[in-house]
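Please work through the exercises below with the sequence and the three-dimensional structure at hand. Each task is followed by a solution that goes step by step.

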Amino acid sequence: MGARIAAKDVKDGQALPHWSYPVVRQDLVRYANASGDGNPIHQDEEFAKSVGLPDVIAHGMQTMARMGQYVTDWTGDPGALELFKTRFSAMVVVPADGGNTVTVAGKVAETLEGDRVKIDLVATTPDGATVAKGEAIVTLG
Amino acid sequence: MPLNKAFEGREFAESPPYEVTAESIREFADAIGDPNPLYRDETAAKEGGYDAIIAPPTYLTKLNFIYSAEMMLDPDLGLNYALVVHGEQEYEYRRPVKAGDVLVAKPKIASITAKGRNELLVTEAVVSTTAGEQVAVARSTIVSRGTAPQEG
């Protein structure tokens, strides 16, 4: 379908609007069932604490999935994505009471030939931790 | 104990065919909380220029659990699952995965390197349809905490 953002409207260094999403325990149970990652550190508080974690933590790939949505919502076309990578740098701790919130921010790191751009992504939690950094290359319209 | 470097470059058997259903895409999209109609509504997908419902970019993680098992669980590799953390994930896409695809993955261990006290195990899998069309290449970096060979 092609991206709804035109390459000519995008500049090096341009910031994308940031976006926040809540993460609660129930999200992790649903993600575990749909993804096939049944590791109890993502669902079972007692188990997570028994292996030295502060509490239940989100799946890294659940964070990456939300970062992917951030990019595909911006371009408007998931098929515009050519490369997507994420480095997980801290845990998203998800307490039973209130969960957590992750904020994703992006910027145009580089305009490339063929109406393509490289987007740098960073995901943070309210305590100031950078939980993931990512990079996406997308073809714009 | 350090990982077995002899596994570096080792290729593993192609994974069994995995059929991508519209239902599994919808379930995955619901689970990640992404309401995009291209992941659920055939009419929206067609209007978007796709001949079937497409899958979110990280849907491929479902395959990862299938094709990684043989590599990761080989006792000669020496990977202790209790010490493992997912460090990085990378996908190169040729096109979106879509409902009706029957996918196979050809995995290998690309590298095993020490970084400080940890070891980094990089796996790479080429994901194709059973008809031979390449769909994506997936690379995962697994951190094996504290298993790097120590000098002296």
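This is a predicted model: local features need pLDDT of at least 70, side-chain atom pairs count only at pLDDT 80 or more; totals for chains, interfaces and linings use all residues.

Residues are numbered from 1 along each chain as its sequence is written, and chains are lettered from A and ligands numbered from 1 in the order in which they are written.

**Exercise 1.** Determine the order of the strands in the open sheet of 10 strands, and find which strands stand at the edges.

Helices (H or I, at least four residues) and strands (E, at least two) are DSSP runs, numbered from the N terminus, and two strands pair if DSSP finds at least two bridges between them. Read across the sheet, the order is S1(A)-S3(A)-S4(A)-S5(A)-S2(A)-S2(B)-S5(B)-S4(B)-S3(B)-S1(B), with antiparallel pairing. Strand S1 (15-23) of chain A and strand S1 (18-19) of chain B stand at the edges with a single partner strand each, so one side of each has no neighbour in the sheet. Between the chains, S2(A) and strand S2 (residues 84-93) of chain B run antiparallel and are joined by five bridges, and A:Arg87 stands opposite B:Glu88 in S2(B). Within chain A, nine bridges join the antiparallel strands S4 (residues 116-124) and S5 (residues 130-139), where A:Ala123 has A:Ala132 of S5(A) opposite.

**Exercise 2.** Describe how helix H3 of chain A lies across the strands.

Here two residues are in contact if their C-beta atoms, placed from the backbone, lie within 7 Å. H3(A) lies across S1, S2, strand S3 (100-112), S4 and S5 of chain A together with S2 of chain B, and runs at about 40° to S5(A). In chain B, helix H3 (residues 61-72) packs on the sheet and touches S1, S3, S4 and S5 of that chain, with a direction that makes about 55° with that of S3(B).

**Exercise 3.** Classify the packing of H1(A) against H1(B) by angle, and name the residues that make the contact.

Axes are lines fitted to C-alpha atoms, for helices over the stretch in contact, and angles run from 0 to 180 degrees between N-to-C directions. Helix H1 (residues 25-35) of chain A and helix H1 (residues 22-32) of chain B pack at about 155°, with their axes 8 Å apart. The two helices are therefore roughly antiparallel, a term for angles over 145 degrees. From H1(A) the contact draws on A:Arg30, A:Tyr31, A:Asn33 and A:Ala34, and from H1(B) on B:Glu27, B:Phe28, B:Ala31 and B:Ile32.

**Exercise 4.** How many residues does each chain give to the contact, and which element of chain A gives the most?

Chain A contributes 30 residues and chain B contributes 28 residues. On the side of chain A that touches chain B, the elements that give two or more residues are H1, helix H3 (60-75) and strand S2 (81-88) of chain A, and H3(A) gives the most, with nine residues.

**Exercise 5.** Is A:Val51 buried or exposed, and which residues does A:Val51 contact beyond its neighbours in sequence?

A:Val51 lies in the loop between helix H2 (45-50) and H3 of chain A. With 9 other C-beta atoms within 10 Å, A:Val51 is exposed, since a residue counts as exposed at 12 or fewer such atoms, as buried at 20 or more, and as partly exposed in between. Leaving aside neighbours within four places in sequence, A:Val51 is in contact with A:Ile41 and B:Ala82; the C-alpha atoms of A:Val51 and A:Ile41 are separated by 8.3 Å.

Key:
Angles under 35 degrees count as roughly parallel, over 145 as roughly antiparallel, 65 to 115 as roughly perpendicular and the rest as oblique.
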